[in-house]
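Let's take a walk through a few spots in this model, residue by residue and then helix by helix. Have the viewer open as you read.

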Amino acid sequence: MQLVFRSILLLFFIGYISVVNAAQLTDSTALQNMEHQLNKQPWQTYQILLAQAEQQMSPTYKLWWLLRKAQAENLLYFFDKFNLTVAQATAAINQQTPDTISISINIYRGIILQRQGKYQQSQMMLKTALESATENKLTYLAVHAKQELAYTRSLTEIYELSLTELQQAYVEAFSLNDIFLLAKINEVYGAIYGYMHDYAKSIEYYHKELLSFQQLEYPAHVVEAIYGLAATYRYWGKYDLAIEDYNKAIELESQEPLFFDNRASAKYDMENYTGAIEDYTISIQLYPQDAETYYFRALAKFEIGDNY
């Protein structure tokens, strides 16, 4: 019954978008209210967004559309597409752009720089977003920027400052009674304590994150939390538990090469070289451009005397 209800809601939303498509796309109300639906059904919502790609849009509508498209691509691990969408949105921002959009895009720009290993530039971008969100009293975005800033600093091993900033973000998120923000902060706590080799505490925070996202029924975030648990167990040397969680992540998202790659590494560490080769091969089939995966598969083959 619940599944039928959700399907009706989705069909209603598609119908709403179709009506909007009949005229010039100017009313961005549906896009502004899309975040919960996007987190709950990222793939389906992404298809709705793509269906509008060729439509004429007002400048503000186009920016909201690009923001939601980028959000979906980030959730779906389409990082190359995500980078292009953020660049397109950045080029379209002007003085008339709503603060919510410009700040959100700056946070995404900070995340892109973070993933590229440009940590100083990432911190500068996230600080800009944080200052603007604070100035405009957009507490939700301020907490989001502060959380990403804390995580970026942790990547440069500035752990004490990261934890201090994260605690401030937690207090603000708690005052908002925002389960989603609290879950994202717990995710960063899990990552930081993992980097500090305090694996027990890392697992504790990832479990809190997982429970929150299961409560919200946000599947992409559930997978991310399970992946965090798996990675932590692997670095802790608890390979059986790591593989168990990698299995869960793969059951939920079978097209993500990173999950197979990391499960293969856990199997390799257990000296299960045949299993590692199988997973590295699947990872290569999903993403043939990753040269490192070929290298690690060759190492596993060498261990069993297969030099071809």
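Which residues does Ile284 touch, not counting residues up to four places away in sequence? The contacts are Thr293, Tyr294 and Arg297. Keep in mind that this is a predicted model.

Ile284 sits in helix α16. Its relative accessibility is 7%, and because the cut-off for buried is under 20%, Ile284 counts as buried.

Pro257 is 27 residues away from Ile284 in sequence, yet the C-alpha to C-alpha separation in space is 7.4 Å.

Helix α16 covers residues 273–286, and Asp279 is part of it.

Asp279 touches Phe260, Arg263, Ala264 and Lys267. Lys267, for its part, touches Ile243, Asn272, Gly275 and Ala276, along with Asp279.

## How α9 and α10 pack

In general, a pair of packed helices is described by the angle between their axes and the distance between the axes. For helix α9 (residues 139–154) and helix α10 (residues 159–176), the axes come within 8 Å and cross at roughly 160 degrees. Angles over 145 degrees count as roughly antiparallel, so α9 and α10 are roughly antiparallel to each other. As for handedness, α9 passes α10 in a left-handed crossing.

Which residues meet where α9 and α10 come together? From α9 the list is Thr139, Tyr140, Val143, Lys146, Gln147, Leu149, Ala150, Arg153 and Ser154. They meet Tyr159, Leu161, Ser162, Glu165, Leu166, Gln168, Ala169, Glu172, Ala173 and Leu176 in α10. Sorted by type, the residues of this contact divide into 10 nonpolar, 5 polar and 4 charged.

Terms used
Residues numbered from 1 in each chain as written. Predicted model: local features only at pLDDT ≥ 70, side-chain atom pairs only at ≥ 80, totals over all residues. Heavy atoms only, no water. Helix = DSSP H or I, 4+ residues; strand = E, 2+ residues; numbered from the N terminus. Contact = heavy atoms within 4.5 Å. Axes fitted to C-alpha atoms, helices over the stretch in contact; angles between N-to-C directions. Parallel < 35°, antiparallel > 145°, perpendicular 65-115°, else oblique. Left-handed = near helix turned anticlockwise from the far one by under 90°. Nonpolar A, V, L, I, M, F, W, Y, C, P; charged D, E, K, R; others polar. Buried < 20%, exposed > 50% of the residue type's maximum accessible area, 1.4 Å probe, protein only.
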